[in-house]
Amino acid sequence: MSLKRFLSFLAVALMAAASLVALPSQAQAAPNFKAPFACGQRWTYSHHSAEVRRALDFVRADGGVTNGAPVLASAAGTATRYSQPSGAGNYIVIDHGGGWRTYYFHLASYSVPSGAWVAQGQQIGTTGSTGNSSGPHIHYEQLYNGVGQNIRINGVALSYPSSYNQAYLTSDNGCAGGSSFMTWGSGVRVRADAYLSSPVVTTLAGPTAVTVVCQKQGDTVSAEGYTNNWWSRLRDQGGYVSNIYIDHPSAQLPGVPIC
Ligand SMILES: [Zn+2]
C-alpha cells in the first residue's frame with residue numbers, strides 16, 4: 001500500500017471509529033407518542049412541585065367525566081401491571097423498546113394482562129385515584145433509559161404549567177380507525193367542538209364521504225326537520241358535525257364510540 005493510499009485508508013478508518021464512538025451517546029429516536037386518552041377528548045394538564053420526574057397530570061376539560069375514562073397506550077409496546085398502594089396506586093408501564101417507557105399511574109382498573117403487547121391507542125386501563133392521589137387523573141410520564149423526559153406528543157414538547165386550565169391537549173390517539181358515513185345537505189359546518197359557539201374549522205360543500213372516529217352529546221341542533229344533540233368527530237376534517245347531517249336514520253350512530 002502506497003503512503004497516500006495508506007493515509008486515505010487511515011482517514012476512513014478513523015471516521016468509522018469516530019462514528020462508532022458517537023453512537024452510544026445519541027438518544028434513540030422516541031416513538032411518536034400520542035395522548036394517553038381517547039381520540040377527540042380534550043384534557044388539561046399540570047406539573048406540581050412535589051411531582052416525580054417530568055410527569056404531567058391530566059384531567060378532562062371537555063365536560064366529560066375523568067373518573068373511569070379509558071387510558072390508552074401512547075405508543076405500541078409491552079405492558080406490565082404494578083401496584084404501589086402508598087404511591088402510584090395501580091399502574092402500568094409500557095416498554096416501547098430502544099430504552100423508552102411510558103408510565104400511567106392511579107388507574108381505577110387494568111384493561112390488559114401483565115406482559116400483553118398493546119397497540120398504540122389500545123385501552124390499557126381506566127382513569128382513577130388509587131394510591132397517593134387527591135382525585136381522579138392520569139399521571140403520565142415518558143422515560144428514556146429510566147430518566148424522565150420532557151413529554152412530547154406527536155413530536156411536540158408540552159408545556160409544564162403549575163395548575164390546570166392553562167394548557168390543553170386534544171387527543172388524536174386511535175383516530176386512525178373510524179366508521180365510514182356519507183353526509184348530506186350543503187354548506188354543512190364542521191366545528192372545533194360539539195357546540196354551536198365553537199369555531200367553524202371547515203364547511204362541507206355537498207354530500208361528502210367522511211370517517212367518524214367518535215361521537216358525543218353537545219348542543220341540541222334543530223335543522224332540516226330534525227332535532228339532535230349528538231355530534232360526530234370527523235377524522236379528516238378535524239372537527240365535529242351535527243349527526244343531523246350524517247346520512248343515517250339513528251340520532252346516535254351505531255358502532256361508533258363515545259368521545
Ligand atoms: Zn402526578
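The legends below describe close-up views of a predicted model.

Local features are given where pLDDT is at least 70, side-chain atom pairs count only at pLDDT 80 or more, and totals for chains, interfaces and linings use all residues. Residues are numbered from 1 along each chain as its sequence is written.

**View 1. The protein as a whole has one helix and 19 strands.** Helices (H or I, at least four residues) and strands (E, at least two) are DSSP runs, numbered from the N terminus. Of the 259 residues, 34% count as buried. A residue is buried if 20 or more other C-beta atoms lie within 10 Å of its own, exposed if 12 or fewer, and partly exposed in between; C-beta atoms are placed from the backbone. Among contacts between residues at least 6 apart in sequence, 60% join residues at least 24 apart. Two residues are in contact if their C-beta atoms, placed from the backbone, lie within 7 Å.

**View 2. The largest nonpolar core holds 50 residues.** Such a core is a set of buried Ala, Val, Leu, Ile, Met, Phe, Trp, Tyr and Cys residues joined through C-beta atoms within 7 Å. Phe37, Ile92, Tyr104 and Val241 touch the most other members. Strand β6 (residues 100-110) gives the most to this core, with five residues. The core lies between domain 1 (42-170) and domain 2 (179-245), because both give residues to it. The domain bounds come from an automatic or database domain assignment. Beyond its neighbours within four places in sequence, Ile92 is in contact with residues including Ala79, Tyr104, Leu107 and Ile124.

**View 3. Strand β8 (residues 123-127) pairs with β3 (residues 70-72) and with β6.** Strands pair if DSSP finds at least two bridges between them. Three bridges join β3 to β8, and the two run antiparallel. Here Leu72 has Gln123 as its bridge partner. β6 and β8 are also antiparallel, over three bridges. In this pair, Ser109 is the bridge partner of Thr126.

**View 4. Gly89 sits in strand β5 (residues 89-97).** Gly89 is buried, because 20 other C-beta atoms lie within 10 Å. Leaving aside neighbours within four places in sequence, its contacts include Phe105, His106, Thr130 and Ser133. Gly89 and Ser133 are 44 residues apart in sequence and 8.3 Å apart in space, C-alpha to C-alpha.

**View 5. Val59 belongs to strand β2 (residues 56-60).** Val59 counts as partly exposed, because it has 18 C-beta neighbours inside 10 Å.
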